[in-house]
Amino acid sequence: MKFLVTKDLAHSTLLSYLMGSVVFAILLYLGFDMVLHGYVIGLDMQSVSVTLLGDAENFVEPILIDSLLLQVHIDLFMTLFALLILSSIYIRLYSEKVKTKWVVHLLFIMGMLAPVTLLLAYFATASLTAVWLISFVLWHLLASIVALLILKKLLFK
């Protein structure tokens, strides 16, 4: 518990291993989440548009609203968990850096923007698919970078 007060990991290697394991699991989640979204929704503009809106020429139906709502619900839930864990550890380890608050704010904005714009792209306008795709990729990229920075700090003190 000394780390929670002094931010010193030298006295608690078990806590360091625990945080490293959780961050590694989040890194695995981020990779598998990209694969899942690439399979279910797509990771290019054409496949995302076809998934959300369908394609009359090729007789492809749009995604069902219950499937989309379930996907967005799971995305919001898992993103919040990953965001809270990554940001709390990152803030604790890198609190002396000025860029920490910018990284954490950007992480939260991209993480929450991705599921919301996916839902809005389905209901409002197809042009939001580009916003979803960019925010989704940036959220995963930034979260992976933060996770790797945390692992670097934990493993190579």
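Contact here means heavy atoms within 4.5 Å. Keep that in mind as you work through these exercises on a predicted model, where local features need pLDDT of at least 70, side-chain atom pairs count only at pLDDT 80 or more, and totals for chains, interfaces and linings use all residues. Residues are numbered from 1 along each chain as its sequence is written, and side-chain values use heavy atoms, with hydrogens and water left out.

**Exercise 1. Find glutamine 71 and say whether it is buried or exposed.**

Step 1: Look in helix α4, residues 65-93, where glutamine 71 is found. Helices are DSSP runs (H or I, at least four residues), as strands are (E, at least two), and they are numbered from the N terminus.

Step 2: Check the accessibility. Buried means under 20% relative accessible area, exposed over 50%, and partly exposed in between, with a 1.4 Å probe and protein chains only. Glutamine 71 has 13% relative accessibility, so it counts as buried.

Step 3: List its partners. Not counting residues up to four places away in sequence, glutamine 71 touches Leu36, His37, Val40 and Ile41.

**Exercise 2. Describe the chain as a whole: how many helices and strands does it have?**

Step 1: Count the elements. There are six helices and zero strands, and from the N terminus on they run α-α-α-α-α-α.

Step 2: Take the dimensions. The C-alpha trace spans about 65 × 25 × 20 Å along its principal axes.

Step 3: Consider burial and contacts. Of the 157 residues in the chain, 39% are buried. Among contacts between residues at least 6 apart in sequence, 72% join residues at least 24 apart.

**Exercise 3. Work out how α4 and α6 are placed relative to each other.**

Step 1: Find the angle. The axes of α4 and α6 come within 10 Å and cross at roughly 40°. Axes are lines fitted to C-alpha atoms, for helices over the stretch in contact, and angles run from 0 to 180 degrees between N-to-C directions.

Step 2: Classify it. Angles under 35 degrees count as roughly parallel, over 145 as roughly antiparallel, 65 to 115 as roughly perpendicular and the rest as oblique. α4 and α6 are therefore oblique to each other.

Step 3: Name the residues. The contact includes Leu83, Leu86 and Tyr90 of α4, together with Trp139, Ala143 and Ile150 of α6, among others.

**Exercise 4. Which residues touch the most other members of the largest nonpolar core?**

Step 1: Recall the term. A nonpolar core is a set of buried Ala, Val, Leu, Ile, Met, Phe, Trp, Tyr and Cys residues joined through side-chain atoms within 4.5 Å.

Step 2: Pick the residues. In this core of 25, they are Val23, Leu86, Tyr90, Trp139 and Ile150.

Step 3: Trace the elements. Two or more residues come from each of α2 (13-40), α4, α5 (99-123) and α6, and α6 gives the most, with eight.

Step 4: Zoom in on leucine 86. Leaving aside neighbours within four places in sequence, leucine 86 is in contact with Val23, Ile26, Ala143, Val146, Ala147 and Ile150.

**Exercise 5. Which residues of α3 are buried, and what do they pack against?**

Step 1: Identify them. They are Val48, Val50, Thr51 and Leu52.

Step 2: Follow their packing. These buried residues of α3 pack against α2, α4, α5 and α6.

Step 3: See what comes next. Glycine 54 follows α3 and has a positive phi, near 85°.
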